[in-house]
Structure formats: structure tokens, C-alpha cells
Amino acid sequence: MKGQHHTHEHRIQGQWLPTTKKEVDHLGWDYIDVIIFSGDAYIDHPSMGAAVIGRVLEAHGYRVAIVPQPNWRDDLRDFKKLGKPRLFFGVSAGAMDSMVNHYTANRRRRSDDAYTPDARPGQRPDYPTIVYSEILKRLFPDVPVVVGGIEASLRRVAHYDYWKDRLVPSILMDSPADLLVYGMGEKPMVEIADSLHEGMPVEALLDIPQTVVRRPIEEIPSAGDDVVLHSFEACLADKKKQAENFKTIEIESNKWNGPRYQGKRIPAYEMIRHSVNMHRGCFGGCAFCTISAHQGKFISKAISAIWADPVPICMACTAKIWSGAKNARVRHACTPSLAPILTPTTALCSIFTTLWTPCRK
């Protein structure tokens, strides 16, 4: 199978992805395929993007390590400790845009961080996508850097930066990264890893879906079926062009076709530790939320997959399964003939019955 490159079993049952040299040595590895740097603490849960990407790559036979919240203000030992990966470095600012994580809507600095042990603030820089990439390229200029996550995803094209109060170009213009992956990145990350494993140079990876690359302006198509957005300069000159860009993106994106934190509390983990992922995306268009822009609008997880989720199901998490997604799941899960008459109350009773039976046992 493409991507299954290692004949030996390197995963230990219950083992987290390694985060230190000692853990790498414990696994007996003499090399690492992919090293992911994350602005969040490492939480091995499907709600956390860095963990998902790491586990997906691992399932395809790659050796993956994660460096959570590296110190960018000292001698950069966190960036050096695992050395060079065989394929590439991955960079994610974390589960939130770093500026939303750091500042309130009034631009006041927040006093805590839900994605850090003990909610300690200041454990990541502003714009880690840029800062981490710059450090890695300075230390290992010959190793490809691939950025992803919500910060990179939502800043992939010209956009209004609330904290700078101005329109800015794609974050790839400020970051020296070689590739940007946007949206849900499992498939493109595996394709990137497979391509680099097969010997392709990163400069040749120009047609992988959900990726952004820097190219000379003369290579931008002027005719044909390609959708071409207005340039950053055009958007600066005309706000309507910026609005047209985002309308185009909305339409094109939604076509119907560890142990290291022993004894510490990570608030974001407390919220999701007993939850079950029902779906990705949201059909809502709330002005304050970026889920539909990042993940799309359509439900993507089958009912059978929800019940097969390995997370223990209990009454405590029933509300989490129900709340926020009840109308979405009711509309998409039932048959067309039942959809008009199935009320949220009916669906809720069904969910309670299904969950309560195993809990009573």
C-alpha cells in the first residue's frame, strides 16, 4: 500500500507520539520522518489537529514526533533537540488563531491560555506560524517546512487583520514555509509525505489539493477553468474585490460534490476529554465563528462511526453530543421522508436511550 513504508511495528500500545529525545530513543528509532511543532500542549485527542495529523501519518507508516510549545526566546534548544526529520517539519499555531488566543476583542492581553498546562499564558509567540517557520528555516534551511492549522488556513489569502487594523497578504508571504495546507489536512499531509518519500522535491509539489504555494505572477493562469482571485493590490484598492474573493472562497469550499503534563490541568482538555466527535463543519454562518470557513458546511461523520468512537460514552457527555449539533444531525441523519416530522425532542430521546443503555450496565 502506498505510504506503508516500514516493515516493522514501531508503535507501542498506548504510547503517545514521542515529544523528547528520550522518548524517541525508547522507541528504538534512528530517524524521524516528520516532526510537528505546535503552539498548543500535546493532547492526544481527535479534537486537536496536531495530534490527528500525527496519528494519521503514523497510521500510514511514518515515524512522527511532536514538539509542543517550543521555547522561541532562549537558545532554541527545543527546535534542535530532535534534529532533522527525514521528510519535513510540520508547523501549527494550535487549535486557535494565536491572536484570538492572546487578545480579547478590545485588544487586551488575556491572562490565561486554555491550551497550555495550568492555563499558563505566554507559552507561544504571536503568529507562531511565522515565528516557528523562520526559526526552522534558519536552523535547517534544506528541510521542507509545511504549515497548517486554523491560523495558516484562515490567513492563506489576503485578509483583514483585526489586530493590525489593515488588509494583509497571505501569511505565506511572511512565513518562509514551503507549503501551506488549509482546511482538514489529513489527505494533503499524507500526499505530501508520500511524494517526498518517493523523492520528489518540495518545489515540485504544485498540484496537491488544499495547498498553497508561492509562484511567479506570470504563472497565474489568465484563461481556462481556473478560478483566479483578485490580487492583494487590487483588494487594497477596492474593498469590493476583497468581498468578492471571500464570496468565491465560500462557494468553492462548499460545493455539494502525554504524560509530560503529569499533575497539571489543561483547560481545553477538560472540556473535550469525554466528548465524541459527531462531525466536522457547521451549516451556520455566525459572524463570530470560523468553523464553516475552516472546515466547510457539511456533516461528514456517519452515525455508525459515532457509536464506534473509542471514547467512553457516558451520560456526562450526552449533552455535549447533543448540544451545538442537534439540528445539523437531525437534518442529515434521518431519511428524507422522516426529516420534516422528526423533532429535536424525538431525536434527543433516541440519543438518550442509546447512550443510557450501556451506561446503566
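View 1. At a relative accessibility of 27%, Trp16 counts as partly exposed, where partly exposed is the range between buried (under 20% relative accessible area) and exposed (over 50%), computed with a 1.4 Å probe and protein chains only. The structure shown is a predicted model, in which local features need pLDDT of at least 70 and side-chain atom pairs count only at pLDDT 80 or more, while totals for chains, interfaces and linings use all residues. Residues are numbered from 1 along each chain as its sequence is written, and side-chain values use heavy atoms, with hydrogens and water left out. The model holds 6 aromatic pairs, a pair being two rings of Phe, Tyr or Trp (its six-membered ring) whose centres lie within 6.5 Å, with planes under 30 degrees apart counted as stacked, over 60 as edge-to-face and the rest as tilted. One of these pairs is edge-to-face, because the ring planes of Trp16 and Tyr42 stand at 80 degrees, with the ring centres 5.0 Å apart. This pair links distant parts of the chain, 26 residues apart, since Trp16 belongs to the segment before α1 (21–26) and Tyr42 to the loop between β1 (34–38) and α2 (49–59); helices (H or I, at least four residues) and strands (E, at least two) are DSSP runs numbered from the N terminus. Tyr42 is buried, with a relative accessible area of 3%.

**View 2. The stacked pair of Phe37 and Phe79.** The rings of Phe37 and Phe79 have planes at 10 degrees and centres 5.1 Å apart, so the pair is stacked. The pair joins strand β1, which carries Phe37, to helix α3 (residues 77–80), which carries Phe79, across 42 residues of sequence. Both Phe37 and Phe79 are buried, and together with Phe89, Tyr132 and Phe140 they form one aromatic cluster.

**View 3. Arginine charges over tyrosine rings.** A charge is taken to sit over a ring if NZ of Lys or CZ of Arg is within 6 Å of the ring centre and within 35 degrees of the ring normal. Arg63 lies over the face of Tyr31, at 4.2 Å from the ring centre, and the charged end of Arg156 sits over the ring of Tyr182, 4.1 Å from its centre.

View 4. With a salt bridge defined as a side-chain nitrogen of Lys or Arg within 4 Å of a carboxyl oxygen of Asp or Glu, the count comes to 15 salt bridges. Among them is the one in which the side chains of Asp33 and Arg86 meet at 2.5 Å, N to O. Asp33 lies in the loop between α1 and β1, and Arg86 in the loop between α3 and β3 (88–92), 53 residues apart. At 0% relative accessibility Asp33 counts as buried, whereas Arg86, at 37%, counts as partly exposed. The side chains of Lys84 and Asp142 also meet in a salt bridge (3.0 Å, N to O). Lys84 lies in the loop between α3 and β3 and Asp142 in the loop between α5 (128–139) and β4 (145–148), so this pair ties together parts that are 58 residues apart in sequence. Lys84 is partly exposed, at 46% relative accessibility, while Asp142 is exposed, with a relative accessible area of 55%.

**View 5. The network around Arg124.** The side chains of Arg124 and Asp113 meet in a salt bridge of 2.8 Å, N to O. Both Arg124 and Asp113 are buried, and a network of salt bridges links Asp40, Asp113 and Arg124.

View 6. An open sheet of 6 strands, with mixed pairing, has the order β2-β1-β3-β4-β7-β8, two strands being paired if DSSP finds at least two bridges between them. Its edge strands, β2 (64–68) and β8 (211–212), each pair on one side only. β4 and strand β7 (residues 179–181) pair in the parallel sense over 2 bridges, and Val147 stands opposite Leu180 in β7. Helix α5 lies across β1, β3 and β4, running at about 160 degrees to β3; axes are lines fitted to C-alpha atoms, for helices over the stretch in contact, and angles run from 0 to 180 degrees between N-to-C directions. Thr129, found in helix α5, is buried, with a relative accessible area of 0%. Not counting residues up to four places away in sequence, Thr129 touches Val91, Ala93, Val147, Glu151, Ala152, Ile171 and Ser175, contact meaning heavy atoms within 4.5 Å.
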